[in-house]
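Visitor: Please take a close look at the cavities inside this protein. I would like to know what lines them.

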Amino acid sequence: MKGKWPVLSGSLVFLLCLMVSFPAKAQEERTGLWTAGAALGLQGATADGSAFAINLAGDYFLTNNISVGPLVQLGFTGDLTQIGVTAQAKYTLDLIDIPRLKPHFQGGIGFIYADLQGNDTSFLIPLGVGAEYRMGDTTSLESSLLFNFTDLDVDGGNSFFITWTVGVRFQFR
């Protein structure tokens, strides 16, 4: 467990530095906006190697740039089922030159269950970056890269895995 905290702390500092380095300007009012989305992709370095990933997420914008909501990460291989549920906070940027592109940084905390020659439940801390590209007034394409920290003990499992997904997101008030 000791070796994880320097990586986690370094990742947080890196993400915060990235947040303040983007030229941003508020271009639309998102306070009170709800979004929901689904994405498909891969999880790497799970207890059973690479896994097929499905992510389901929702967000409620508290301010123009800060949203909160649930994230469900599902991972499947022939032998592994992994289910992670977290509460996420997300910081979304508005880029001056590309108003349809919305980069974001996110982090959360919750729990993960894994089933591979035994069962285990542990904490889950996903930290990540991503972007949405507005296709219309209510629809966006989305991609996210999450660095997941956990303490699973399934078949000598890893304490860190990566999830990359691509999907769609819908907005409504």
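Guide: The second largest cavity in this predicted model has a volume of about 100 Å³. Its lining is made up of 13 residues. Arg30, Phe61, Thr92, Lys102 and Glu132 are the closest to its centre. Strand 2, strand 4, strand 6 (119-134) and strand 8 each give two or more residues to this lining. By class, seven of the lining residues are charged, four are polar and two are nonpolar.

Now the largest cavity. Its volume is about 130 Å³. Here 18 residues form the lining. Ala57, Leu71, Glu142, Ser144 and Arg169 lie nearest the centre of the largest cavity. Several strands contribute. At least two lining residues come from each of strand 1 (34-46), strand 2 (49-61), strand 3 (66-76), strand 4 (81-92), strand 7 (139-150) and strand 8 (160-172). Strand 2 gives the most, with five residues. The lining of the largest cavity divides into seven nonpolar, seven polar and four charged residues.

As for the overall count, the model has four cavities of 30 Å³ or more.

Definitions and conventions. Residues are numbered from 1 along each chain as its sequence is written. This is a predicted model: local features need pLDDT of at least 70, side-chain atom pairs count only at pLDDT 80 or more; totals for chains, interfaces and linings use all residues. Side-chain values use heavy atoms; hydrogens and water are left out. On a 1 Å grid over the protein atoms alone, a cavity is a set of points where a 1.4 Å probe fits but cannot get out, and a pocket is an open set with protein on both sides within 12 Å along at least five of seven lines; lining residues have an atom within 4 Å of a point. Grid points are joined across faces, edges and corners, and a volume is the space filled by probe spheres set on the points. Helices (H or I, at least four residues) and strands (E, at least two) are DSSP runs, numbered from the N terminus. Ala, Val, Leu, Ile, Met, Phe, Trp, Tyr, Cys and Pro count as nonpolar, Asp, Glu, Lys and Arg as charged, and the others, Gly among them, as polar.
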